[in-house]
Amino acid sequence: MNDLPTPAIRCAIYTRKSSEDGLLSNLNSLEAQREVCRAYIQCNAHRGWNAVPTDYDDGGFSGSTLERPALQRLIIDIRERRIDVVLFYKIDRLTRSLADFVRLMEALKPFKVSFVSVTQSFDTSDTMGRMILNILLTFAQFEREMMGDRIRDKFEVMRRRGLYIHGLPPLGYDKVDQQLVVNHAEARTVVRIFERVKECTTIQDLARTLCAEGIRSKRWTLRNGRSKGGGPITAFNLYKLLHNPVYRGCVVHGGRQYPARHPAIIDEALWTEVQNWRERRARPRIKWDPERNLLRGLLFDEHGRPLQADATGVSPRAYRSYASQVKTKRPFEDLPIVRVRAERVEELTLASLIAFYDDHSEVRRALLCIGSYVDEPRDLFHRCAAVRARLAQLTREEQRCFLRDQLSRIEISTSELRLFVRCSSIQRLLETHTLADLLTSRAQDGERTHLVTVNAYLQGPYARLRLPLNARSNEDRRSNPELVALLNKAIQLRAEVMRRRADDLREIAASKRMSVNYLSRLIRLTYLAPDIQAAILDGCQPASLTRDRLLYCGLPAAWPQQRALLEFPEPSSGITDCSGHMRPRLGQSPP
């Protein structure tokens, strides 16, 4: 019986060389690697091995990464099932990183491709070959790290000996045979810059003066013939030039300066004089304290962008601010940058919260949103007075904790400051009158909030603050005792019904000596909109609202219809949806 023909195995040869030296010679390292691999393929021709015509050569690429053009083309051909075996001279030609090789093996495992090292005699098609491969890769990675350590040690010794190894030479020097040589024409320019720096008010003025005189930055010609530099001198170039110790004849390593072999351009007296001038004009370093920004993480603009804390300016005119897109060049949908003074918005926020606790109707409306009810106005007055007295004595740390506990979000628009106050935090503060729990309390997601709107112009040079003091004072309000007593009776009856939910409604009405119809009308009053209840308790109801009209008006369930029937205005802290329930505005939680 005739033997079956040997299947053809397509073999790809991969070669790599770290540097570009010698690539243009007649016989370079890549050609030598390829010839050895071709000979190995010919020795295995009886197994059906055939070399593919495509060459995968990476000349001048390091083995520390897989981002190499020829290797990427090889991976694409493997995924398209054009290659069965990959050959290379040594394993470190493919990669020097064990982690990269493991990722490469896992990515190409579904395509059943084998890796063969010609000089190390292993094949990944069997278990023993894969074990040997992992051992060799470990030593290859160790060799690469040792090579890096040797290069760093060599650079350190060279700098300690005064050699300049920083690459391109600075203005005033040329590099000849790896040594810095003075360029006398450029050196005169450098000396003139050092001598004139004290005559200008700022570095920017000096840069504009030099550009007007036609002085350009250093121009180099690279090995590939391209030119680099030669543009106008900028303030950044001058900062680097005035701080570069190369001009005083020193090189830097590890933060220390060592005497260099190249000659100095600037004498020691001029160098010291310029450095002292720089230190006197240097911006003082302000120790960054993130806790000093009371509203960090709470501020947003009207487009929903967060406002980050920033510090700008030079002492004594340095100031803090909150701004969108701090220290970034990426535009945010072509929206203008919003920047507000930190002291102004923090002062306004604290003052607005204190004014909020002075407005009992607003406090009552916020408490009603979470079902909390204070039936005695005098009791609420004393609680708010105790809170205001405590808030006036807060330290900086206590202010920060207080704001983070009370507020869930602050939005800044062109003419408004919107504070979203947590209703549960209001209730907790009124009950305890202390801030001891604020240091350990954690806000819960989805908590109901009450919107406080402040008329304030915080943006622009004409920013001014205005507190919302246009509400009626507590002394001018006269609550209707009949309406207040009616609401109190309705709330007490509802609590009685909830306690006796197992009893029949007629039994409850008989025990209270009233009809079932009258009991139902009273309980229906507990479903009044929170702003209507707060207005009645504070004496802000319309003059036409009487006890009989409220009790026998046929009260609807939808809050907008209630307001329209009883002639109450729509609340400013929220809007209603189509079902008649209060829907929050600008991030407010639903009631």
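Rings of Phe, Tyr and Trp pair if their centres lie within 6.5 Å. In this predicted model, Tyr173, Phe194, Tyr247 and Trp271 form one aromatic cluster. The count of aromatic pairs comes to 6, and that of salt bridges to 27. The largest nonpolar core has 40 residues.

**Nonpolar cores**

- Within the largest core, the residues with the most contacts are Leu295, Tyr322, Tyr357, Val363, Ile426 and Leu430.
- Five helices each supply at least two residues of this core: H10 (342–358), H11 (360–368), H12 (377–391), H13 (396–406) and H14 (423–432).
- Strands E17 (407–412), E18 (416–422) and E19 (449–457) also give at least two residues each.
- Helix H10 contributes the most, with 7 residues.
- Leu295 is in contact with Tyr322, Val345, Glu346, Thr349, Leu403 and Ile410, leaving aside neighbours within four places in sequence.

**Salt bridges**

- Asp84 forms a salt bridge with Arg10. Their closest N and O atoms are 3.3 Å apart.
- This pair links distant parts of the chain, 74 residues apart. Asp84 is in the loop between helix H2 (69–79) and strand E4 (85–88), while Arg10 is in strand E1 (residues 9–17).
- Both partners count as partly exposed: Asp84 has 25% relative accessibility, and Arg10 has 35%.
- Asp55 and Arg38 meet through their side chains in a salt bridge, at 3.9 Å from N to O.
- Asp55 lies in the loop between strands E2 (49–51) and E3 (56–59), and Arg38 lies in helix H1 (residues 29–43), so their bridge ties together parts 17 residues apart in sequence.
- Asp55 is partly exposed at 36% relative accessibility, and Arg38 is partly exposed at 35%.
- Glu398 and Arg390 also join by their side chains, with an N to O distance of 3.4 Å.
- Glu398 has a relative accessible area of 25% and is partly exposed. Arg390, at 23%, is partly exposed too.
- One network takes in Glu31, Arg34, Glu35, Arg38, Asp55 and Asp57, joined by salt bridges that share partners.

**Aromatic pairs**

- The ring centres of Tyr40 and Trp49 are 6.1 Å apart. Their planes stand at 50 degrees, so this pair is tilted.
- Tyr40 is partly exposed, with 27% relative accessible area, whereas Trp49 is buried at 4%.
- Phe356 and Tyr357 have ring centres 5.3 Å apart. Their planes meet at 70 degrees, which is why the pair counts as edge-to-face.

**Charge over a ring**

- Arg409 places its charged end over the ring of Phe300. The distance to the ring centre is 4.0 Å.

Technical notes
Residues are numbered from 1 along each chain as its sequence is written. This is a predicted model: local features need pLDDT of at least 70, side-chain atom pairs count only at pLDDT 80 or more; totals for chains, interfaces and linings use all residues. Side-chain values use heavy atoms; hydrogens and water are left out. A nonpolar core is a set of buried Ala, Val, Leu, Ile, Met, Phe, Trp, Tyr and Cys residues joined through side-chain atoms within 4.5 Å. Buried means under 20% relative accessible area, exposed over 50%, partly exposed in between (1.4 Å probe, protein chains only). Helices (H or I, at least four residues) and strands (E, at least two) are DSSP runs, numbered from the N terminus. Contact means heavy atoms within 4.5 Å. A salt bridge is a side-chain nitrogen of Lys or Arg within 4 Å of a carboxyl oxygen of Asp or Glu. Rings of Phe, Tyr and Trp (its six-membered ring) pair if their centres lie within 6.5 Å; planes under 30 degrees apart count as stacked, over 60 as edge-to-face and the rest as tilted. A charge sits over a ring if NZ of Lys or CZ of Arg is within 6 Å of the ring centre and within 35 degrees of the ring normal.
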